[in-house]
Structure formats: structure tokens, C-alpha cells
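Take a walk through this protein, one region at a time. Keep the sequence beside the 3D view.

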Amino acid sequence: MIGITELKYSNTNTYLIRGENGGILFDTGWAGTYPAFCAALGAGGKKLTDIDYILISHFHPDHMGIAQEIADKGPKILIADLQKGFVHSSDVIFEKDKRIRFEPIVDVNTEVISVEESREFLKKLGVEGEILYTPGHSDDSISLWLDEGYLFVGDLNPLYELELHKGTQIGESWEKLLALKPKKVFYGHAKTAELAEVKSDTIVDYEKNNLQEHTISEKENKDDLFRLVSQIMKYIDKGYSLDRIQRKTGADPEFIEDVNRMYLTHQNVGVQGILDRIEIKNK
Ligand SMILES: [Fe+2]
């Protein structure tokens with residue numbers, strides 16, 4: 001029996017997956033969120049000793065910010081061999097801001113495995129599944145698949161955007177994942193997608209139809225919206241929590257969540273790109 005605990009304490013959704021003989025933490029939040037992580041862990045009825053390994057979907061700052069701080073308490077950072085060259089790619093971002101506590105990953109204490117040997121590795125923890133290489137959002141992106149039908153994809157672009165990515169690396173990664181017939185997809189920033197009745201060709205629309213409606217008032221001045229989105233982006237860059245951004249801007253929390261996800265999951269996206277994607281999402 002597998003236990004999945006969602007730990008939401010920063011702008012990233014992170015997950016504790018417990019098998020009978022061990023637990024894996026999938027992703028962490030931004031640097032400086034360690035106290036919030038501990039609080040979320042406690043609120044979920046879990047302890048640090050429930051974590052044996054930390055697996056990072058990709059080494060962007062909002063997914064690996066406190067990995068080493070957690071590892072200092074005992075859990076080991078597990079690295080897929082193809083991620084090796086990326087482990088320190090975000091260090092420079094945190095080093096710029098001395099006010100935030102950040103510990104770079106200590107390479108000698110990590111454990112590197114290949115995706116091919118991941119099934120055997122996970123089995124030892126009582127977790128039936130595997131780690132898959134799913135590039136597209138970044139070259140170091142991996143996903144975690146559990147045979148029960150659960151899929152953790154980090155920042156791989158959500159299924160409802162799939163039509164935008166046909167024929168790209170993102171589309172290819174999804175093809176590989178959809179062939180597994182997932183029942184539930186857990187994202188780093190988007191809402192969990194339930195694909196309960198999986199019929200290979202209908203899977204994409206399901207999530208689209210289940211998205212909560214939220215529309216932008218037509219009367220809303222376009223310039224204001226532009227300004228609001230760029231303001232939210234600036235606050236995200238500063239590592240502010242979504243609650244804090246809400247207090248500062250007074251904007252709709254779901255809108256802020258959308259901007260946050262679009263901004264963090266699309267490299268080099270601008271204000272207009274974010275607004276376009278929100279429009280597609282709400283279609
Ligand atoms: Fe990312």
C-alpha cells in the first residue's frame with residue numbers, strides 16, 4: 001500500500017510517497033521555506049524520519065531550494081544519472097540574495113542511479129514503479145510513475161496544453177507517459193488531474209473539462225491586467241508566497257496561481273504569453 005501526502009508550503013506542490021519500507025520526497029520548495037516545510041510535514045502527520053530519499057523533478061530553484069537542508073537531517077538526495085550536470089544550475093540564483101538561507105547540494109552525499117535501474121531501486125522501498133526521463137520543460141526533467149496509476153511530472157506542461165506541444169519534446173514525453181494509462185497526474189504547480197476512466201484517446205479532454213471556471217472580466221482594462229501580471233511576476237522572482245502576493249496585489253487567488261504556474265513552467269515566457277495561455281486554459 002502506497003501513501004501519498006501532498007505538502008504545499010511554497011509555490012511548488014511537493015509530495016511524500018511512502019512505500020512499506022521507505023519514503024521518497026518528490027520535489028522541495030524555494031530556498032528559505034524549510035520552517036514552512038517542517039510545519040507542513042507535521043500538519044500531514046509525518047516526520048522527517050519518514051523520508052529516506054529526496055527526488056527532484058528538475059533542478060530549477062523552486063524545486064530544489066531546500067533539498068540540502070532536508071538532506072542534512074538524514075534523507076539522501078537521489079539523482080538520476082542524466083540530471084548530474086544540472087544539480088548546481090540554480091545555485092547562482094540563490095547566491096545573489098544573501099538574505100535567503102540556501103545550502104548547495106553536497107554531491108558526495110548524493111546517490112546517483114540510472115532510470116533503467118530505478119524500478120529495482122524503488123522496489124526496495126516497497127514502491128512499485130519507475131523513474132522516467134521526460135524532457136521538454138528542461139533537459140533534466142524526470143517523472144515518477146507508480147504502477148497503481150499515479151504520475152508525478154514536476155513542471156512538464158499540463159495535459160490541457162498538449163495541443164500546443166504536438167511534435168515537440170514535451171509532446172513526446174507525454175506520449176510516453178500516457179501510454180502508461182495514468183489515473184492521476186500530480187503537477188508541480190497545476191491542480192492534480194484525475195483521469196479515472198482512462199481510455200487512451202479521451203484522456204486529454206478530461207482534465208480540460210474539469211478545470212475550475214475562472215474568467216477574466218471583459219470590462220477589465222487590458223493595461224491594468226498587463227501591469228498586474230508583470231507585478232505578480234516580479235513578486236514571484238522575489239520568492240514571495242502566493243498568499244503574500246495576494247495581500248500585496250489584491251488579485252484573485254486563482255488568477256495569481258495561474259500566473260505563477262504559467263510563469264514558472266514556461267521558460268522565457270512574457271506577460272502576453274501568460275495571458276494567452278490563461279485564455280487557452282479558460283476556453
Ligand atoms: Fe521549472
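Helix H1 (residues 34-43) lies across S1, S2 and S3 and runs at about 140° to S1. Helices (H or I, at least four residues) and strands (E, at least two) are DSSP runs, numbered from the N terminus. Contact means heavy atoms within 4.5 Å. Axes are lines fitted to C-alpha atoms, for helices over the stretch in contact, and angles run from 0 to 180 degrees between N-to-C directions.

This is a predicted model: local features need pLDDT of at least 70, side-chain atom pairs count only at pLDDT 80 or more, and totals for chains, interfaces and linings use all residues. Residues are numbered from 1 along each chain as its sequence is written, and side-chain values use heavy atoms, with hydrogens and water left out.

Now the sheet. Six strands form an open sheet with mixed pairing, in the order S1-S2-S3-S4-S5-S6. Two strands pair if DSSP finds at least two bridges between them. Strand S1 (3-8) and strand S6 (111-113) are the edges, each pairing on one side only. From one strand to the next, the twist averages 25°. Strands S2 (residues 13-19) and S3 (residues 22-26) pair in the antiparallel sense over five bridges. Leu-16 has Leu-25 in S3 as its bridge partner.

Next, the core. The largest nonpolar core has 25 residues, and Leu-7, Phe-37 and Ile-54 touch the most other members. Such a core is a set of buried Ala, Val, Leu, Ile, Met, Phe, Trp, Tyr and Cys residues joined through side-chain atoms within 4.5 Å. Buried means under 20% relative accessible area, exposed over 50%, partly exposed in between (1.4 Å probe, protein chains only). H1 gives the largest share of this core, four residues. Leu-7 touches several residues, including Leu-16, Leu-25 and Phe-37.

What holds the iron ion? Its protein donors are His-58 (NE2), His-60 (ND1), His-137 (NE2) and Asp-155 (OD), 2.2 to 2.4 Å from it. Donors are N, O and S atoms within 2.8 Å of the metal (3.2 Å for Na, K and Ca); water is not among the atoms, so sites may look incomplete. His-58 lies in the loop between strand S4 (53-55) and helix H2 (61-64), and Asp-155 in the loop between strand S9 (150-154) and helix H6 (169-178), so the pair ties together parts that are 97 residues apart in sequence. Both His-58 and Asp-155 are buried.

Gly-154 sits in strand S9. Gly-154 counts as buried because its relative accessibility is 3%.

Conventions
Lists of a residue's contacts leave out its neighbours within four places in sequence.
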